[in-house]
Amino acid sequence: MTTTRFFIYGSLTEGMIHYAKIQNFVESLAFARIKGTAYRLKVGFPALVKGGSDLVPGQLVELKGSELLKALLDEFYGYSQMDPDKSLYSREEVDVYVEGSSEPIKAWTYFLNPLKLPVNASVIPGGDWRRSIEEQPALTSKLTEKQMTYIQRLGRSSGREIVPIDLTLYRELMNLELIIDKGRRLALSKLGQEVFRHLA
């Protein structure tokens, strides 16, 4: 079984919402940094853009696995090898600076396609996305169980399916800009889709 090195940050890191997706494949994990620019998305989690001089914190993980695991991570990040320019993220090999080591190590990471950077994303000063989340928790952590369940039901439903909702929940999710009313049915807004991605 081969291992592949990845630099992970945000929701995939240990203790965060998506760590469970890779947890069973982790062979080793170390605190590390890479050069880039971190943006805070409206959903509250960071996106990393290539370029910039900030040393963005994250973790270097060695994942036991195969091309299948890489394909699953590609899918998670919306990266297509067939059409990288239109992908949400790109997967690139970068220099990773592991704490306590003087020499950088090569590993894969995912950079957000700059053309897909939302206009409401803001630069995280110094790239310290952990502090940003501590100071202002991600939107997913503020949702009630009922709100999360409804977003997941709506996110999994087919386009024509009508998912019933009560008026109070409707108002709450409209105020949070997570749903849009399409007349006879409700759908997730762009922000709602991003929240769904972080709950799924």
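## Cavities

The largest cavity has a volume of about 90 Å³, where a cavity is a set of points on a 1 Å grid over the protein atoms alone at which a 1.4 Å probe fits but cannot get out, and a volume is the space filled by probe spheres set on the points, which are joined across faces, edges and corners. The model is a predicted one, in which local features need pLDDT of at least 70 and side-chain atom pairs count only at pLDDT 80 or more, while totals for chains, interfaces and linings use all residues. Residues are numbered from 1 along each chain as its sequence is written, and side-chain values use heavy atoms, with hydrogens and water left out.

A search of the whole structure finds 2 cavities of 30 Å³ or more. Residues lining the largest cavity, meaning those with an atom within 4 Å of a point, include Tyr9, Phe45, Tyr89, Glu194, Arg197 and His198; helix α5 gives the most to this lining, with 3 residues.

## Largest pocket

The largest pocket holds about 540 Å³ of space, a pocket being an open set with protein on both sides within 12 Å along at least five of seven lines. Of its 17 lining residues, Lys116, Pro118, Lys190, Leu191 and Glu194 are the closest to its centre, and the largest share of the lining, 5 residues, comes from helix α5 (residues 190-199). Helices (H or I, at least four residues) and strands (E, at least two) are DSSP runs numbered from the N terminus.

Leaving aside neighbours within four places in sequence, Val195 is in contact (heavy atoms within 4.5 Å) with Val43, Leu139, Thr140, Leu143, Ile151 and Leu178.

## Thr37 in strand β2

Thr37 lies in strand β2 (residues 26-40) and is buried, with a relative accessible area of 16%, where buried means under 20%, exposed over 50% and partly exposed in between, for a 1.4 Å probe and protein chains only. A polar atom of the Thr37 side chain lies 2.9 Å from the backbone oxygen of Gly51. Beyond its neighbours within four places in sequence, Thr37 is in contact with Ala47, Leu48, Val49, Gly51, Gly52, Val56 and Val123.

Terms used. Polar contact = N/O pair within 3.5 Å; in protein donor to acceptor, adjacent residues only side chain to side chain.
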